[in-house]
Structure formats: structure tokens, C-alpha cells
There are 2 protein chains.
Amino acid sequence: MIKTISLVTLTTTLLMASSLTKDAANAGLVPIPASNAELLKLIDPKGLITDAKIELGKKLYFDPRLSKSGFISCNSCHNLGEGGDDGIAAAVGHKWTVNPHHLNSPSVYNAVFNDKQFWDGRSPDLEDQAQGPIQAAPEMAATKEHVSAVVNSMPAYLAEFKNAYGKDVNVTFEKITDTIGLFERTLVTPSAFDDFMNGDENALSKEEKAGLQTFITVGCATCHNGVGVGGGMNSLNVTATYKHMNVGDFKGDANGMVRVPTLRNVTQTAPYFHNGQIVTLKEAIVEMGRIQLGTAITDAQASSIEDFLKALEGRKPKIDFPMLPTSSATTPKPDLN
Amino acid sequence: MIKTISLVTLTTTLLMASSLTKDAANAGLVPIPASNAELLKLIDPKGLITDAKIELGKKLYFDPRLSKSGFISCNSCHNLGEGGDDGIAAAVGHKWTVNPHHLNSPSVYNAVFNDKQFWDGRSPDLEDQAQGPIQAAPEMAATKEHVSAVVNSMPAYLAEFKNAYGKDVNVTFEKITDTIGLFERTLVTPSAFDDFMNGDENALSKEEKAGLQTFITVGCATCHNGVGVGGGMNSLNVTATYKHMNVGDFKGDANGMVRVPTLRNVTQTAPYFHNGQIVTLKEAIVEMGRIQLGTAITDAQASSIEDFLKALEGRKPKIDFPMLPTSSATTPKPDLN
């Protein structure tokens, strides 16, 4: 008798879970694959990733000497210890310049799942994206020549490039940024949500499951979908009048639209929006409901959605902090000006 | 017969090695102990170090939120991937302010062996030293209140402090900087020189042994001695007229003297001198000979000394890059101004 009841209960739970994962899948939500081979197909469709390239890309990612000043690395604004961003409303860079369009540094974690990069989606992939901030005057302010001169000045870097790409490798700026992009492709963070979608029905608490349902019902997944739970379209009208929108002069893409960011690890990447003007997650949820969905999200709904978003906080890859090659006599000198 | 010759040769080599290590010891050079227990006595005489405190101290060391801007951590200027410093002539900090006295960031590696801290030796230990740059306006520009508010705003930090110090811990600014200092105590880098001094006569090449002999004979060990191979006295007259000395207005200690830096990892910490005005190690060696020893060090001698200094390049501790606690609603906001 007890056994029968247990069985019934179990079946009901399974049906419920199955129904929710089905709803989520129908809403366009896709988990990070549980299988490493499947994940690799997704993040490295060209099959370029090797351990040697990743290790080298990590060094370059953490190396401030790529910047003109010698003070700013990729990790300065996309800090892997801080949710993959900097926690600052608008990015700061070379000569303490605030981003001229008051743009917030997006997280590098799971950026591989974005089908385009930057807040206006102007860059097709991480390798291309990596060329931008290194050269931007308000960010790392380096020239291509500076970057390749820095790396080529260090025998230990050259040895690693030869090891990764073969002895005839030409260590150009593009080869360097490609290698950084490859490292960034590995920065994915599977979460309890993924475990749930991949079949572990106990991975989410009751509240988190309810939150996922609210997220779908309210319509958040209209834009925040795909493996990235965002990152697949430009859909926020930058000229729309909404709270805090008057900070910065960002124009969005050709249609005045702003990129939908990933919601993975969103609990760790405040402040929010492309201009970093919203401080709390709940306020961001309510604002998005109002502007994007024309819905007055209730406090209870916002709390429920927040419960779900917490379940998107992912397991970060373990990073051995890299010891960088030693500068040589020919390494370009840092220039703070 | 052959056996006898072998024995004689071996004995001679041992005697030679023994003679050089004896010369080095007589010159005041002391290796980092090979035994972990002996090393601990040296770096942690009060027996305060625990794994929990070190792991917590590492997080705080890497956390830019301790700074006013949220952009600068201890590691920004004392980069553990770059010889423990920043490779920049004069340190840069909050609002891109160059150190007002044009002082160069010293390496944090082996700083535990300094008997006093800072270029004028005004601080007795690492725990006290850690309070300085965090509060200095041209560096991290934070108040004590900011730092303790930041750390106290994050439940994960508080849990780690309780775990490290007991549940009644009061997470004050001083407790935070003490914990950073404890982490820094572990940043020691044993080198081939230490292996040699500790009995492995093959740890140094012929050239490195000759370099050690030159180092002693020329008189470098007069100031660069002790376990730190420096860090034990203030002996450079800051008002002496020498090349590049006119950069910066640093006054040294009460007697106008500047601290002798450690030579450990000196190959990785260019540019040199308290004001970072000498670019190559060879030039630094020759300048020191001229000013401090009244000796015209020949090019051959300088090269030989450089051979020895390379043998002071140490094995760095492995650092797992820390994932930092997530900011909460009450965490003070970054302020770039």
C-alpha cells in the first residue's frame, strides 16, 4: 500500500518535472549539454581547441602588458573571480577613461553562447571581439603592433605559440586575439538549471521550479532563450523612454536596438542593463516587464523569477592563475599616457 | 685506481662547493630553509597561519572591491603572475594617479623576509604594510570604513572569517589587512641558489657559481644579504647624485636613506631602483657598484653577477585563482571619483 502511494507520488513528480522541462524547451530554453563531447561541438564547432592553446590564451587574457599602460588586462574588466565582469556601472580603462557611451562590461562567462558579441552585436565571435577592447582608446589603448611586439619579445611566449600552432607560426595580433578567443570559449558555467533540464529533477528547489514557470509564463523567455538564456538577438529599443535611459549616448545597432544579455550568473553581474544603471535584480526584472513586455510584473512574480535566476548561477571552471613569461630587453615599455 | 681518482675528484668538488657555500654564508647570505617546518618558523613566528586564513587572505588580495573604485586590487600593482610587481616605473592607482614620489611597486614575493616594509622601511611587517596602499589616495583610495563595509556586506566572506577565526570574530579593517598579510607571508620562492646552499651542489651551473663568487667578492652582499638577499637595511643615500636620481621627490627615511630591496626574482621585476628609472639589470648592477661600493664594476663582472641573479629566480607558489563572494544589496558601490 505504502509502496503504491510512493509510486504514484513519484510518477506525478516525474510528470510535473517533465511538463516543466517541456514548457521550458518549448519556450526556447536550452541547457548546456551534460556531455563534454556535445558541449565541445557547441563551443568549438571548428575543432580548434587544444590544451596548449587554452593555456596560452589564459596567459594572454591575464597579461596586462598587452595594454598600452601595462596595467590593464582582459581580466581587469572581465574578472573571472567576479562573475566575469567588473561590477562597475560603466567600464573604466586607459587613463581612467569611463566608457564614452557609458557601457557596462558584459560577462565573459558563457559569452561563447552569444550568436553575436558587444552590446550592439557588431562582432560575429569571441576571436573578433577580442580585437576590440585591446585597441579601444578608452580601454586597453594598444596598437596591433604593440601587442604583437610585446608577445614576440618574450621567448617563452614564442615557445608556447610554436608548441600550440607548430614551429612556423607567425605570432600576429590576430593569432594572439584568436588564442584569447579560444580560451574564452571554454568559460562556460553549467548550473542547477542545466542539471534540471538534463534530467535531474531534484536539481531545482520547488521555488526555483515555480520561478522557471513564472519566467516562462510572464514572457521573459521571448528574448532570454537559447543556451545562453539570452545572447541571441538585439531586441531592446535604445531610444525607448524608460528609467535611467538618459545615461550614456549609446545608439544601439543600425535599428537602434540593444543586445539581449545572457542571464547566466546574472546574480553576480550587477549593476544591470547596457549602461549599468539598474542596481538590483528585482528592479531590472520589473523594468524589463514594463518596457519589453508591457506587463506590470508583481512583486511576487519578480521574487519568483529571481528564485529561478539564482539557479542560473553556474559552476565556474577552475583557473590556475598563470605565471607570465618574463619581459625581455626588447619588450615595449609600459606607457601610462 | 680509477675508483681512487673518482673519490679524489668527488672530494675536491665537495670541498669547492663547501668553500663557496661557506663564503656565501660568511657574506651573510642565508637560504630559504629546505624544511617546511623551518620555513614556517621563519615566515610565521607567531604560528598564526592556517589554510583557512590563507585562502581567505588570497581572496581579499585579489578583490578589487576593497578599493574605492572597485577596479584595483592588491594584485593590480603586486601581480603574482608578473614577479609580484607591475613592471611599471612608478606605480599607478586610483584615477590613474602616478605615485606622487614616483615610487616603483616592490615585489610582494619574499617580502616576508624584509625586516621592515616600504621603500623607507616605515612599516614593521606585512600586516601593517597592507593597511597603507589600500588607504593611500593615489593607490586604492579606500577608507577603513569602506573596506570593512565591503567585506561585512557579503555573507560568504563573513562565513569564511568565522571559519578562520571563530564565530565571534569582528571583521574590522585591521582583521582584513592582517589576513592579507598572512597570505603574503606564504609568497616565498625557493630557487636554485637555495637548493645549492642547502646542499645540492649541482643546483647551480659553473657560471652561476662564478657569479655568486663575483657577487661576494665585489661586495654586493654587504647590503644584499640575509634570507631575502636584501630587505634588511636602509643603505642607499637618496640625496646622492647619480644617474636618473632626479626623478621623483622621495626623501627616504629620517636619515635620507632608501631600503635595500630583495634580489630574489630580480630578473622579473624590471625596471629597477625605488623610482624605476633603470631599465636593465646590468645597468643597475654597474650603478650600484659605482654609488654604493665606489667600484667600477667591469662588464665581465656585471655579466657574471647577472648569471648569479638569474639563479635567484624562484619557484612560485601555485595559485588557484579565487572565485570571490558575490556582492549583496548592501555592498558599497564602486566610486571612480
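**Entry 1**

I looked up B:P271 and found it in the loop between β4 (257–259) and α12 of chain B. Helices (H or I, at least four residues) and strands (E, at least two) are DSSP runs, numbered from the N terminus. The peptide bond from B:A270 to B:P271 is cis, with omega near -5°. In chain A, a cis peptide bond joins A:A270 and A:P271, with omega about -5°; A:P271 lies in the loop between β4 (257–259) and α12 (281–293) of chain A. I noted that most residues other than glycine have a negative phi, and most peptide bonds are trans.

The model is predicted: local features need pLDDT of at least 70, side-chain atom pairs count only at pLDDT 80 or more, and totals for chains, interfaces and linings use all residues. Residues are numbered from 1 along each chain as its sequence is written, while chains are lettered from A and ligands numbered from 1 in the order in which they are written.

**Entry 2: positive phi values**

I then looked up two residues of chain B other than glycine. B:K95 has a positive phi near 60° and lies in the loop between β1 (92–93) and β2 (97–98) of chain B. B:K95 is partly exposed, with 15 other C-beta atoms within 10 Å. By the rule used, a residue is buried if 20 or more other C-beta atoms lie within 10 Å of its own, exposed if 12 or fewer, and partly exposed in between, with C-beta atoms placed from the backbone.

B:V229 has a positive phi near 50° and sits in the loop between α11 and β3 (234–237) of chain B. B:V229 counts as buried because 31 C-beta neighbours lie inside 10 Å.

**Entry 3: helix α12 of chain B**

I checked the length of helix α12 (residues 281–293) of chain B. At 1.5 Å a residue its 13 residues should span 18 Å, and its end C-alpha atoms are 17 Å apart, which agrees; the expected span is 1.5 Å times one less than the number of residues. Just after α12(B), B:G294 takes a positive phi of about 60°.

Which residues of α12(B) are buried? They are B:L281, B:A284, B:I285, B:V286, B:M288 and B:G289. Their cover includes α11 (206–218) and α13 (299–310) of chain B, where contact requires C-beta atoms, placed from the backbone, to lie within 7 Å.

I followed the packing against α13(B). The two helices, α12(B) and α13(B), pack at an angle of about 115°, with their axes 9 Å apart. Axes are lines fitted to C-alpha atoms, for helices over the stretch in contact, and angles run from 0 to 180 degrees between N-to-C directions. From α12(B), B:L281, B:K282, B:I285 and B:V286 meet B:A302, B:I305, B:E306 and B:L309 of α13(B). The residues of this contact divide into six nonpolar, no polar and two charged. Ala, Val, Leu, Ile, Met, Phe, Trp, Tyr, Cys and Pro count as nonpolar, Asp, Glu, Lys and Arg as charged, and the others, Gly among them, as polar.

**Entry 4: the two chains**

I recorded that chain B can be laid on chain A with an RMSD of 0.0 Å by a turn of 180° and a shift of 0.0 Å along the axis. That is the relation of a two-fold axis. Superposition is by least squares on the C-alpha atoms of residues with pLDDT of at least 70 in both copies.

The contact takes 32 residues from chain B and 31 residues from chain A. On the side of chain B that touches chain A, the residues divide into 16 nonpolar, nine polar and seven charged.

Conventions. Two residues are in contact if their C-beta atoms, placed from the backbone, lie within 7 Å.
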